[in-house]
Every structure is written in C-alpha cells, then in structure tokens.
Amino acid sequence: MKANLVIGLLADGQVHSGESLANQLAVSRTAVWKQVRKAMEQGYRIETIRGKGYRMLTRVDLLSRNAVLERLDSNLRQRVDLSVLDEVDSTNAEVIRRQAEISPGTIPVCIADCQTAGRGRRGRPWRSPRGENIYISFGLTFPGGFAMLDGLSLVFGVAIAEALEVAGAQDIGLKWPNDLYCSGRKLGGILVELQGELEEGVVRVIVGVGLNVHMTAAPDVDQPWTSLARELEGQDWQRNALASALVTSVVGAADEFSASGFSPFRERWQGRDIFSGRQLAAKQGEVAGTGRGIDDQGNYLIESTDGVEAVRAGEISLRVAAP
Ligand code: BTN
C-alpha cells in the first residue's frame, strides 16, 4: 500500500482512527501504522492521539493525474501523455526516456512530487522538495529546424506568467531570458533543452518548469526566492489546478509559436521585463549599460555610450549592476 493513500485520507486535518483508516483501505491497522510512519519519514507531521487515532498537521496538496486531466480541454487531453510521479530524478530526464515509448505526435508531459536530481540552467541543481512545488516537463517538437528556434525559450516564460495571472497571481515579471519573478525574487525557472533534429527540419525540445508553490523555507537556496504562498497568503493554491493551467498555456504557446514564430510574444514578454530601464552588467563584466528590452529574436538589448548591443540567450548571464 502506498503512503499516499493514508496521506490522502488524513488530508482533511481531522482525527481518523486506525480502525476506520484500515477499513477504508482494506488493510490491517499495522499496515496503516507503517504507512503513517513512512509518511512521517517523508516529512509529513502527523499527530498520534492515544485511543483516538491520527491527525495530519501538515497542509496536504497531493498531485493526482485524474485531477490534472479532468481540467484540460478534451482536445488537449487527447494530445498529451501525462505521467504524475511520486519521485523521479528529473522530469526533463523522464520525458526524454518516455519519448521513446509513446506514439509520435503525442506530447509527453511529466509532473513529479519531488525530484532527486532536479537540474537548473548552467548545470546548477534545482532544489525539489516533496509536496511543496511544481516540477513539470514537456517534450515538444517544432518544424523549421534550429534556425527557427530564436526566442523560443522566452515564449515559455510568457506562457507561464500569463497562466499564473489567470490563476490569481499578480505582477509576474520575467528576468531575461525566462526566469519568473515576483516582488523582486525568483518564483520559478525554466530549463529548455534542445534534443536535436528528429527528421528533416523537425526539432525536439524538452521544456522543464520549476514553480515554487507552497515553499516557505529553503535554507540552501543561494538567491532571493519566493513562492505563490508567500506572495498571496490566504489563497488556497492547488497544484493540480496550477499544473493543468500550465499544460494548457505551454502547449497553446508552443502551437502559437509553430504557427506564427516569436513576433506575437515580443510585446507580451517586454511588458514583464524586470530589467527594463535598469543599469545592468554581465556577470563577467563584458557588457554594461541600461536594459532596453528584446529584439525580434529575443536577444536582450543593452544601451551604453558605445550604442546598443544585443546579448544572445545562453551566451551571457545578466544581472542588475551594483549601485
Ligand atoms: C533554472 O535554473 O532557473 C531552471 C530550473 C528548471 C527546473 C525544472 S523543475 C522541472 C524540470 N526538471 C528538471 O530537472 N529541471 C526542470
């Protein structure tokens, strides 16, 4: 029996006797106790009340494949192959593995409750604690060859920011090329990995999104961060609803990009640019100047006394210059 089943029954925060849990799950009370202990080892705080039973003290927001699927439009539901996992090394890695197994034309999407080897941009690890956040990846294909992919990584930042605002978040900013920001702190990140050309001109791309939802403590994260729960206290964020909003928005944006390229996204990205008008410097000090938004290809424009220079994504890491 999975610890998830006991966690699901205790999720309402009420006291449940061992006997009633055992009856509902058709297992012994010892089996229930073992699963309660396993859930506690995973980090859930569960109170054991003598003679009465168990009570969940941690807020529980379990992921469920059905709950994500039932919120998708029926056409989209047909197009995706969704796996929702308890634990995985990296959802990006899982999508790469799954691609070999599913029928061509289907979009593999993987969501996990935690990642043991979550990866971020520039080879950095992505902290992925259990039960707190969303870790989701998509396997997408695009026609037109690599030359058509200019600006693609920025498209997903726009898609996710727009989905979050529809879901109730406010003022989601983008830090070039595609970090999600709120109140000056990082709310989420996007890792776009190019997998190569499948056949003449069709390029395969893995898009992984890490979004901080419930996280309120992360002692080992070395940059200012935030989460939806921190930004909007009192709002009951549901990971299943958020995940299905992300699937809808990301696949929709991929379709729009395939049909029309980057131009429909440029203004939408620009409106969220947290660097605009600010004094910027590249980490290694190669360029410095004022942020002036992006060009038609999604390159970042920096204006200095020498003129305007375009910085390509992946080449350089930009930050706000120290005052
Ligand atoms: C960044 O460094 O800002 C990008 C972070 C991307 C993290 C996500 S979590 C889901 C997917 N799986 C991974 O291993 N990484 C991405």
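## Ligand shell, cores and strands in a predicted model

Student: OK, which elements give two or more residues to the shell around it?

Tutor: Those elements are α6 (91–99), β6, β9 (185–199) and β10, and the largest share, four residues, comes from β9.

Student: Which residues come nearest to the ligand?

Tutor: The shell has 20 residues, and the ones that come nearest are Ser90, Gln115, Arg119, Arg121 and Lys186.

Student: What about Thr91, which kind of ligand atom is 3.0 Å from its side chain?

Tutor: That one is a nitrogen atom of the ligand, at 3.0 Å from an N or O atom in the side chain of Thr91.

Student: You mentioned β6 and β10 in the shell. How many bridges join those two strands, and which way do they run?

Tutor: Strand β6, residues 134–143, is joined to β10 by 10 bridges, and the two run antiparallel. To find your place in the pair, look at Tyr135, which stands opposite Gly210 in β10.

Student: Is β10 mostly covered or mostly open?

Tutor: It is mostly covered, since nine of the 10 residues in β10 (residues 202–211) are buried.

Student: Changing topic, which residues have the most contacts inside the largest nonpolar core?

Tutor: That core has 62 residues, and those with the most contacts inside it are Ile136, Phe138, Leu140, Phe142, Leu164, Leu228 and Val247. Helix α7, residues 152–166, gives the most to this core, with 10 residues.

Student: Take Leu140, then. What is it in contact with, leaving aside its neighbours within four places in sequence?

Tutor: With those neighbours left aside, Leu140 is in contact with Ile107, Phe156, Val203, Arg204, Val205, Val207, Val250 and Ala254.

Student: How many residues does the second core have?

Tutor: The second core is separate and has 14 residues, among them Val6, Val36, Tyr44 and Tyr54.

Student: In what order do the strands of the three-stranded open sheet come?

Tutor: The order is β1-β3-β2, with antiparallel pairing. The edge strands are β1 and β2, each of which pairs on one side only.

Student: How many bridges join β1 to β3, and how many join β2 to β3?

Tutor: Two bridges join β1 (residues 15–16) to β3 (residues 53–56), and Val15 stands opposite Arg55 there. Four bridges join β2 (residues 46–49) to β3, and on that side Ile46 stands opposite Met56.

Student: Which residue has the positive phi in the hairpin of β2 and β3?

Tutor: That is Gly51, with phi near 75°, in a hairpin that has three residues between the strands.

Student: Which residues does the cis peptide bond join?

Tutor: It joins Trp176 and Pro177, with omega about 5°, and Pro177 has its place in the loop between β7 (173–175) and β8 (179–182).

Student: Last one: where is Glu309, and what is it in contact with beyond its neighbours within four places in sequence?

Tutor: Glu309 is in strand β14, residues 307–311, and, with those neighbours left aside, Glu309 is in contact with Val287, Tyr300, Leu301 and Ile302. Because its relative accessibility is 44%, Glu309 counts as partly exposed.

Technical notes:
Residues are numbered from 1 along each chain as its sequence is written. This is a predicted model: local features need pLDDT of at least 70, side-chain atom pairs count only at pLDDT 80 or more; totals for chains, interfaces and linings use all residues. Side-chain values use heavy atoms; hydrogens and water are left out. Buried means under 20% relative accessible area, exposed over 50%, partly exposed in between (1.4 Å probe, protein chains only). Two strands pair if DSSP finds at least two bridges between them. A nonpolar core is a set of buried Ala, Val, Leu, Ile, Met, Phe, Trp, Tyr and Cys residues joined through side-chain atoms within 4.5 Å. Contact means heavy atoms within 4.5 Å. A residue is near a molecule or strand if one of its heavy atoms lies within 4 Å of it. A polar contact is a pair of N or O atoms within 3.5 Å; within protein, one must be able to donate a hydrogen and the other to accept it, and residues adjacent in sequence count only if both atoms are side-chain atoms.
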